[in-house]
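I'm opening my notebook and going through this structure one spot at a time. Here is what I looked up, in the order I looked.

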Amino acid sequence: MEAQAPLPLSNDHAIKELAESQAFPSSIPSNYHALRNPDEELRPEDFIDEEIPVIDFSLLIGGTAMERDEVIHHLCMACREWGFFMVVNHEIPKRLTDEMLDAFEKFFNQSAEEKNEYINKNVLNPIRFGTSINNHEDKIRYWRDYLKVVVNPEFHFPAKPFGFRNTLFEYAACTRKMGKELLKAIWESLELKTDDIEVALDIKSCFQSIIGNFYPPCPQPELALGLPPHSDHGLLTILLQNGINGLQVKHNNKWLHIKPLPNSFLVNIGDQMELVSNGRYNSVLHRAEVNGKSTRMSIATIIGPSHEAIVAPPPQLVEHDHHLAFNGMRYKDFLEQQQANPLKGKSILDLLRVRDE
Ligand SMILES: O=C(O)CCC(=O)C(=O)O
Ligand SMILES: [Fe+2]
């Protein structure tokens, strides 16, 4: 099959409408060929099959002191060696996760006119609908539509579909509560005092954003990607998916297909955590593959420090490690830069890395 030339469409044209249109070719346009870089090819020998760490949330908040200590110890290993773990026995009801997936699906099923109301080039705009990543900049396009909504410290919501507001509000509150508990535990795992977390990150007014990703079936999934390898900008990302797998995580230089347990959340460390942990914990590289059969949806909740927090490694860690791994930066500036540039590895964090002379 020959590659189709890039489609002469507006940059804003959603991939959902394209993929569903009768006129859509069986070979995808060349600007959607994301895997032409040999480093990014999906070769079977580059994949491993390993169990990712599992964190029992109920023991963290309701277990004995010994059980909590054990979970914190396990979290320390998970953050240091993986940057990634699965959370089970959390308190978020299945009813709510189903409602969230349903609300986002209804949003994406609206007409192009209804969704396009939320197209916005300003990366700090609180509600943004779009396709690929930075659809006006991307030379290679990704097989993904998205809706990003900032839900804290100010709560925003799209007016439609009906009921989205209440579901989003409840889900945002539950994931924020779980995220803060995990953050406290991770902070303890760094042997830092939990009171200091407020000073360092101002998480009372934490930034929280919820991103719905929509990946329609792709006629040539072996050529395209839903999202390229990247790290997330926040402290933690809490990921929910609609039962269709597709997330891959880089672990010891190999890619790992992630198959979460039913009713669990996938959590990964973001760039701000790598920064504030003085590099002890790594923000993990991950990407999303697409498939030829089913629509995949994921909902990523990013929990970050407050926009105004200047995030830097705390002096206790620098002293203990005898080394400053990163220079500090205001989170809002970090966010702006990361969102405005092509999503490529950990490029913004790398700019802050202190190099030994
Ligand atoms: O869809 C996925 O599994 C990953 C989504 C993701 O990495 C993101 O939204 O940052
Ligand atoms: Fe991500």
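Predicted model: local features only at pLDDT ≥ 70, side-chain atom pairs only at ≥ 80, totals over all residues.

**Entry 1: a buried threonine**

I started with Thr131, which counts as buried because its relative accessibility is 0%, and the cut-off for buried is under 20%. I then checked where Thr131 belongs, and found it in strand β4, which covers residues 127–131.

Next I asked myself what the side chain of Thr131 reaches. It reaches the backbone oxygen of Arg144, at 3.1 Å. I also noted a polar contact of 2.7 Å between the side chains of Thr131 and Asp145. So that I remember why I call that one a polar contact: the N or O atoms have to be within 3.5 Å.

**Entry 2: around ligand 1**

Which residues are around ligand 1? I wrote down the list: Asn213, Tyr215, Leu227, His230, Asp232, Leu239, Leu247, His286, Arg296, Ser298 and Ala300. Sorted by type, the residues of this shell are five nonpolar, four polar and two charged.

Then I looked at which elements supply the shell. β6 (208–215), β7 (227–230) and β13 (296–303) each give at least two residues. The largest share comes from β13, with three residues.

I went on to the polar side-chain atoms facing the oxygen atoms of ligand 1. For Ser298, an N or O atom of the side chain is 2.6 Å from an oxygen atom of ligand 1. For Arg296, a polar side-chain atom lies 2.8 Å from an oxygen atom of the ligand. For His230, I noted 3.1 Å between a polar side-chain atom and a ligand oxygen atom.

How much of ligand 1 does the protein bury? Taken alone, ligand 1 exposes 300 Å², and the protein buries 96% of that. I also looked up where the ligand sits, and it is in the largest cavity.

One cis peptide bond joins Asn152 and Pro153, with omega at about 5 degrees. Pro153 is in the loop between β5 (145–152) and α6 (164–189). Another cis bond runs from Lys160 to Pro161, and its omega is near 0 degrees. Where is Pro161? It is in the loop between β5 and α6.

**Entry 3: positive phi values**

Another reminder: most residues other than glycine have a negative phi. I made a note of two residues on this topic.

Asn89 isn't a glycine, yet its phi is positive, at about 55 degrees. Asn89 is found in the loop between β3 (84–88) and α4 (94–108).

Asp202 has a relative accessible area of 30%, so I put it down as partly exposed.

**Entry 4: apart in sequence, and in space**

Last, I looked up some pairs by their C-alpha atoms.

Pro53 and Ala78 are 25 residues apart in sequence, and their C-alpha atoms are 6.0 Å apart in space. Pro53 is in the loop between β1 (47–48) and β2 (54–56). With 5% relative accessibility, Pro53 counts as buried.

How many residues apart in sequence are Pro29 and Ala224? They are 195 residues apart in sequence, and 9.9 Å apart in space, C-alpha to C-alpha. I found Pro29 in the loop between α1 (15–20) and β1. Pro29 is buried because its relative accessible area is 0%.

The last pair is Asn166 and Met100, 66 residues apart in sequence and 9.9 Å apart from C-alpha to C-alpha. Asn166 lies in helix α6. Is Asn166 buried or exposed? Its relative accessibility is 57%, so Asn166 counts as exposed; the cut-off for that word is over 50%.

Note on methods
Residues numbered from 1 in each chain as written. Chains lettered and ligands numbered in written order. Heavy atoms only, no water. Near = heavy atom within 4 Å. Polar contact = N/O pair within 3.5 Å; in protein donor to acceptor, adjacent residues only side chain to side chain. Areas by Shrake-Rupley, 256 points an atom, 1.4 Å probe, with all protein chains shown as cover. 1 Å grid on protein atoms, 1.4 Å probe; cavity = no way out; pocket = protein on both sides within 12 Å on 5 of 7 lines; lining within 4 Å. Sits in = over half its atoms within 2 Å of the grid points. Helix = DSSP H or I, 4+ residues; strand = E, 2+ residues; numbered from the N terminus. Nonpolar A, V, L, I, M, F, W, Y, C, P; charged D, E, K, R; others polar. Buried < 20%, exposed > 50% of the residue type's maximum accessible area, 1.4 Å probe, protein only.
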